[in-house]
Amino acid sequence: MQKSHAKTCFALQVNVGRGASSVGCFAFLFLCISGLTNAQEPTNQGEEKTTSSVHLGEKSGAPSVRQLGDWKLTFAEVPLPSSSPPAQFNPDPGTPNEPESIEPPSLFPPVIPPLPKYGEGALPRSLELPRKGVREVVPGRRKLEYENYPEAEQNQGLLPNSQAVPNRWFVGFGRWKRYADPSTETPYQSGALKLWHPYLQSTLKGDAPIIGQDIFLNLTLSDFFQFEARRLPTPSGVSSARPNSSEFFGRSEQFSLSNDFSIGVDLFKGETAFKPVEWAFRFLGVYNNNYTDVQETNVLNPDPRLRNTARYKDFFALQEAFAEIHLRDLSNNYDFISSRFGIQPFVSDFRGFIFNDSNLGARIFGNYDNNRWQYNLAVFDMLEKDTYSDLNTFDSRDQQVVIANVFRQDFFAKGYTAELSFHANFDGASRHYDKNGFIVRPAPIGKVQDHSVQSYYLGWTGDGHIGWLNITHAFYQVFGEDSLNGIAGKRVSINAQMAALELSVDKDWLRHKISIFYASGDSKPKDDEATGFDTIFDRPFFIGGPFSFYVHQGFNLAGTAVNFKQRDSLVPDFRTSKAEGQSNFVNPGAFIVGYGLDADVLPKLKAFMNVNYIWTIDTAVTRQVLFTNHASNDIGLDCSLGLQWRPLLTDNVIVSAGVGFLVPAEGYKEIYRANTRPVPGFHNPSAGAVDDFLYSGLLTVTLTY
């Protein structure tokens, strides 16, 4: 049987003393002895190995004293640390585990017993819920005003080595260079405040007040240039500019130039970085120049004797002129309610499906609950539009529009905003000719007679994202009455619907979109119910926007005095003009399905691609207006590609270019043929040729200073 070895350390104390001259000294000698104490261990050969031992006191560990002459030896056994592995893990095996130090007791113990930790102690009865005798807790709300410091204005009460500054807006930045080379980025701009400058701080763009401490002036100069080339179905008219042109539709190539130069003036009181303005005035004057060149007469003027195929016009309009007044703050977070009066822009929903215009009106707007709610109530007394530029004139037309909407952010998912809206359109009975001499109210189709339209729209729209899915949707129900619809030839009640949906997914620098648009059509144009959907003044950005041929272009309905659809619109409504005509709810409707791709190609360059297919909902209205039994629903394939380039990475310079194509389908061809189906056995002319494709090329340049 093998016995365990033990390691023992002996301490030896030696006392030396000899008479008076002896010197007492103490020495400690540590002898580490490895062996067996009072034991013998056999060897491998069966022999016994005797080890010497030191006998201590009878009691294990008791000291032993030996006298050797003048030397007095004291032996004591001290155990060494065990060589067995430590009970706790030691990350550094070369360092022994040190015992934890024990903090010595405090000399001054706390007199007050420590309080219980938060949430562990019981609340007194006075703080428990529900509390008694409390009706309502109303926070004190007051408007913070500027304080006056007359002593500071007199340079009194200042700290040493300080200087009074009458206006904090003119305190410049200190001189500090971030890099040794001053040509690289510098975080602060030094120097005096500029009078005008597009990037540095200047007085004329609202960086510093012009009156007092909080009255600012902001001037904006902008120029919008547009070149457009297009091919549209164009009727030849009574006299053709091309001799021997027998086809009902003539040459369809057109191009136009347009330039809008505008000056915007904003004068307002308040620091908009912290709270809404207290009052504001805005004026926007626009000077338009436009030139149009066509291939056929009767397009620019109804008199064929003039043979006008080119036209130049200019026009000045006060496109915006309103005053804004801050009514009151609703919370300490600057939830507010304000009002505007005058000619002002307004878009009634996220994409401008029903109303998107700048016109004369009054509006109350604001927000609530930390901007989670936004609301608008607007009433417009519509102005007439200029025929050539679509800008406002100073002539009033007999039309009033009332709009109320409310928005809720994070409605049922974070990032999704919902809107409920109400529109009312009261378009009175009036007669109006445009500047070309064409009658636009009432529409010269069917029974021509002055009539009024009263329509009411109820809508639910939404925009935002639900998780990774981006969504934009809209649904509108319209009802009301038309006192005398020209196509129906009688008074009709209105009952129509519109729906739109766009789903998109972002993947890196690409956004894939799927779009669906539906506008109900009228299957019984002669009854007393109008079920075709029409808008008030729409300008939607949907399925391609201005780059799409179908969306951007308005074209004539087979030689009649009305258009198949209006410019910058989605609905084929058979009305004379969106700006000067009246809504018509007896129309074929539309159904559009499309795919789109938006690409952030470069930080300065964006690309937009869309492919759509268009159908009408019903052909009954088309057959009645064109007196034909042959009409199809499919209109054609619409494809577009657009680019937007910002060379300075800001909105000071924006260049946009795009092209859109419409490949006509059978329904389109049957509308624009002179003879759709020749009758066998009769000497009818052959079916007229229709353009194989229609195009629209667009180039715009926007300069803002």
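**Salt bridges, strands and rings in a predicted model**

Asp-534 and Arg-575 are both buried. Asp-573, like Arg-575, is buried.

The structure holds 22 salt bridges. Another of them joins the side chains of Asp-450 and Arg-431, at 3.3 Å from N to O. Here too, loops are involved: Asp-450 lies between β17 (439-441) and β18 (453-466), and Arg-431 between β15 (416-427) and β16 (432-433). The pair therefore ties together parts that are 19 residues apart in sequence. How accessible are its two ends? Asp-450 counts as partly exposed, at 30% relative accessibility. Arg-431 counts as exposed, at 52%. Elsewhere, salt bridges link Glu-228, Arg-230 and Arg-567 in a network.

Now the whole protein. It has 4 helices and 29 strands. Of its 705 residues, 40% count as buried. Take the contacts between residues at least 6 apart in sequence: 59% of them join residues at least 24 apart. The exposed surface comes to about 41100 Å², and carbon and sulfur atoms supply 58% of that area.

Strand pairing can be followed through β27 (residues 634-645). This strand runs antiparallel to β26 (residues 605-615), and 11 bridges join the two. Trp-615 has Asp-634 in β27 as its bridge partner. β27 also pairs with β28 (residues 653-664), again in the antiparallel sense, over 10 bridges. In that pairing, Asp-638 stands opposite Leu-662 of β28. In a regular strand, side chains alternate between the two faces of the sheet.

Next, the aromatic rings. The structure holds 24 aromatic pairs. In one, Phe-227 and Phe-255 have ring centres 6.4 Å apart and planes at 40 degrees, so the pair is tilted. Phe-227 belongs to β7 (residues 215-231) and Phe-255 to β8, 28 residues apart, so the pair links distant parts of the chain. Phe-227 counts as partly exposed at 31% relative accessibility. Phe-255 is partly exposed as well, at 29%.

A second pair is stacked: the rings of Phe-353 and Phe-517 have centres 6.4 Å apart, with planes at 25 degrees. Phe-353 lies in the loop between β11 (336-347) and β12 (356-368), and Phe-517 lies in β21 (residues 510-519). This pair therefore ties together parts that are 164 residues apart in sequence. Both Phe-353 and Phe-517 are buried. Ring pairs also link Phe-549, Phe-555, Phe-564 and Phe-574 into a cluster.

Last, the surface. Which residues form its nonpolar patch? They are Leu-195, Trp-196, Leu-221, Phe-261, Ile-263, Tyr-287, Tyr-312, Phe-316 and Tyr-705. Together they have about 930 Å² of accessible area. β8 (253-269) and β10 (310-329) each supply at least two residues of the patch. Phe-316 is in β10.

Methods
Residues are numbered from 1 along each chain as its sequence is written. This is a predicted model: local features need pLDDT of at least 70, side-chain atom pairs count only at pLDDT 80 or more; totals for chains, interfaces and linings use all residues. Side-chain values use heavy atoms; hydrogens and water are left out. A salt bridge is a side-chain nitrogen of Lys or Arg within 4 Å of a carboxyl oxygen of Asp or Glu. Buried means under 20% relative accessible area, exposed over 50%, partly exposed in between (1.4 Å probe, protein chains only). Two strands pair if DSSP finds at least two bridges between them. Contact means heavy atoms within 4.5 Å. Accessible areas come from the Shrake-Rupley method with a 1.4 Å probe; for residues, only the protein chains shown count as cover. Patches are made of residues with over 30% relative accessible area and no salt bridge: like charges are joined within 9 Å, nonpolar side chains (Val, Leu, Ile, Met, Phe, Trp, Tyr) within 5 Å. Rings of Phe, Tyr and Trp (its six-membered ring) pair if their centres lie within 6.5 Å; planes under 30 degrees apart count as stacked, over 60 as edge-to-face and the rest as tilted.
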